[in-house]
Structure formats: structure tokens, C-alpha cells
Amino acid sequence: MSLIEIQQQLQQVFHGDEVSVSGDLKHAQVRVISEQFSGLRPVQKQQLVYAAGLGEAISSGVIHAVQLQTLTPAEWLQAQKFNSSI
């Protein structure tokens with residue numbers, strides 16, 4: 001399984017949302033920006049992404065380590081405003 005295949009798998013679940021998978025299979029960075037995360041705690045957001053296929057990639061050893069960012073579109077916009085003010 002490649003990072004592209006993992007991204008495609010996540011995009012099937014988060015259809016129409018922003019899904020970004022980068023890095024390599026040793027240390028991957030995954031960002032999902034979705035309205036599906038509205039009202040959820042951070043751990044619940046992560047659980048959705050893991051259930052969408054990321055958990056399988058980690059447990060099977062395809063990905064060794066992952067940095068996961070799960071945001072709603074409003075949270076992403078706020079983060080961008082904060083980063084641009086620094």
C-alpha cells in the first residue's frame with residue numbers, strides 16, 4: 001500500500017473534503033479538513049480517520065508513524081489566520 005492509495009481510501013470516506021497525505025511510509029503526515037468533525041472532540045476526529053483506513057495501514061505496518069491533523073473548515077481558517085499573523 002502506498003501513500004497515494006491511503007489518500008484515495010481516506011478520500012472515499014471524506015468525499016468532497018480536503019485530504020492530504022505526505023511524507024513517506026516511515027513518517028507520514030495526514031491532514032483532513034471536514035465538516036464531519038463539527039462538534040467532535042479531538043480523539044473522536046482521530047477515530048473517524050483511523051476507521052476510514054489509516055488504522056489498518058498503521059496496524060499492518062505499512063505506516064510506522066503518523067502526524068495527524070483533523071480540523072473543521074472553520075478551525076482550518078482560524079489556524080491560517082493565526083499563522084499569517086505570526
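View 1. Phe37 is buried, with a relative accessible area of 1%, where buried means under 20% relative accessible area, exposed over 50% and partly exposed in between, computed with a 1.4 Å probe on protein chains only. This is a predicted model, in which local features need pLDDT of at least 70 and side-chain atom pairs count only at pLDDT 80 or more, whereas totals for chains, interfaces and linings use all residues. Residues are numbered from 1 along each chain as its sequence is written, and side-chain values use heavy atoms, with hydrogens and water left out. The structure holds 1 aromatic pair, formed by Phe14 and Phe37, which is tilted at 5.6 Å centre to centre with 50° between the planes. Rings of Phe, Tyr and Trp (its six-membered ring) pair if their centres lie within 6.5 Å, and planes under 30 degrees apart count as stacked, over 60 as edge-to-face and the rest as tilted. The pair links distant parts of the chain, 23 residues apart, with Phe14 in the loop between helix 1 (3-13) and strand 1 (18-23) and Phe37 in the loop between strand 2 (27-33) and helix 2 (42-59). Helices (H or I, at least four residues) and strands (E, at least two) are DSSP runs, numbered from the N terminus. Phe14 counts as buried as well, at 1% relative accessibility.

**View 2. The surroundings of Thr70 and Lys45.** Thr70 is found in strand 3 (residues 65-71) and is buried, with a relative accessible area of 11%. Residues up to four places away in sequence not being counted, Thr70 touches Val32, Phe37, Pro42, Lys45, Gln46, Val49 and Glu75, a contact being heavy atoms within 4.5 Å. One of these residues, Lys45, lies in helix 2 and counts as buried at 5% relative accessibility. Neighbours within four places in sequence left aside, Lys45 is in contact with Phe37, Leu40, Thr70 and Glu75.

**View 3. Pro73 in helix 3.** Pro73 belongs to helix 3 (residues 73-85) and, at 34% relative accessibility, counts as partly exposed. Apart from neighbours within four places in sequence, the contacts of Pro73 are Ile33, Ser34 and Glu35. Pro73 and Ser38 are 35 residues apart in sequence, with 9.0 Å between them in space, C-alpha to C-alpha.

**View 4. The nonpolar core around Leu10 and Val49.** The largest nonpolar core has 16 residues, and those with the most contacts inside it are Leu10 and Val49. Such a core is a set of buried Ala, Val, Leu, Ile, Met, Phe, Trp, Tyr and Cys residues joined through side-chain atoms within 4.5 Å. Helix 1, strand 1, strand 2 and helix 2 each supply at least two residues of this core, and its largest share, 4 residues, comes from helix 2. In soluble globular proteins, nonpolar side chains tend to be buried together. Leu10 touches Val19, Val21, Val30, Val49, Ala52 and Leu54, residues up to four places away in sequence not being counted.

View 5. An open sheet of 3 strands has the order 1-2-3, with mixed pairing, two strands being paired if DSSP finds at least two bridges between them. Strand 1 and strand 3 are the edge strands, each pairing on one side only, and neighbouring strands of this sheet are turned by 10° against each other on average, direction ignored. Strand 1 and strand 2 run antiparallel and are joined by 6 bridges, forming a hairpin with 3 residues between them; within this pairing, Ser20 stands opposite Arg31 in strand 2. Strand 2 and strand 3 run parallel, joined by 7 bridges, with Gln67 in strand 3 as the bridge partner of Gln29 and Leu68 in strand 3 standing opposite Val30.

**View 6. The helices laid across the sheet.** From strand 2 the chain crosses through helix 2 to strand 3, and this β-α-β crossover is right-handed, which holds if, with the strands pointing away from the viewer, the path from the first strand over the helix to the second runs clockwise. Helix 2 lies across strand 2 and strand 3, running at about 140° to strand 3, whereas helix 1 lies across strand 1 and strand 2, running at about 165° to strand 1. Axes are lines fitted to C-alpha atoms, for helices over the stretch in contact, and angles run from 0 to 180 degrees between N-to-C directions.
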